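Hi everyone, thanks for making time.

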Amino acid sequence: METAKKFDLGEDISAEAAMAKSEIIETAIEAVRFAISVYAAEGYTTNIDLVQRLNDLIGLSIADGTTDTLRSVVVKETYGEDFWQMLT
């Protein structure tokens, strides 16, 4: 809710967006991997199409920056550039 308010006010929400994208994609990948394991060998067939979903999610995890890159944005935005420089 706070992020939506910040967005409406035109404030920078890059840290929040990076947090959301990195965690949502990672969670979705784990969910699909779990679903594949539940379906066992059939999870790899085109009958269920879970492998394509996994490939789509992996592509999303790379498209706008890997989750590590997104997490570095969060650190920079939350703790500042000086803190980031100490870590790198």
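I'll start with the ground rules, then go through the helix and its surroundings.

So, this is a predicted model: local features need pLDDT of at least 70, side-chain atom pairs count only at pLDDT 80 or more, and totals for chains, interfaces and linings use all residues. Numbering runs from 1 along each chain as its sequence is written, and side-chain values use heavy atoms, with hydrogens and water left out.

Okay, helix H2, residues 14-39. Helices here are DSSP runs of H or I, at least four residues, numbered from the N terminus.

Which residues of H2 are buried? Among them are Ala18, Ser22, Ile25, Ile29, Val32 and Ile36. Buried means under 20% relative accessible area, exposed over 50%, and partly exposed in between, with a 1.4 Å probe and protein chains only. An α-helix has 3.6 residues a turn, so residues three or four places apart point the same way. The buried residues of H2 pack against helix H3 (50-63) and helix H4 (67-79).

Now the outside. Phenylalanine 34 is also in H2, but at 56% relative accessibility it counts as exposed.

Last stop: methionine 86, in helix H5 (residues 81-87). Methionine 86 is exposed too, at 63% relative accessible area. From alanine 63, methionine 86 is 23 residues away in sequence and 27 Å away in space, C-alpha to C-alpha.

Technical notes: Helices (H or I, at least four residues) and strands (E, at least two) are DSSP runs, numbered from the N terminus. The expected span of a helix is 1.5 Å times one less than its number of residues. Contact means heavy atoms within 4.5 Å.
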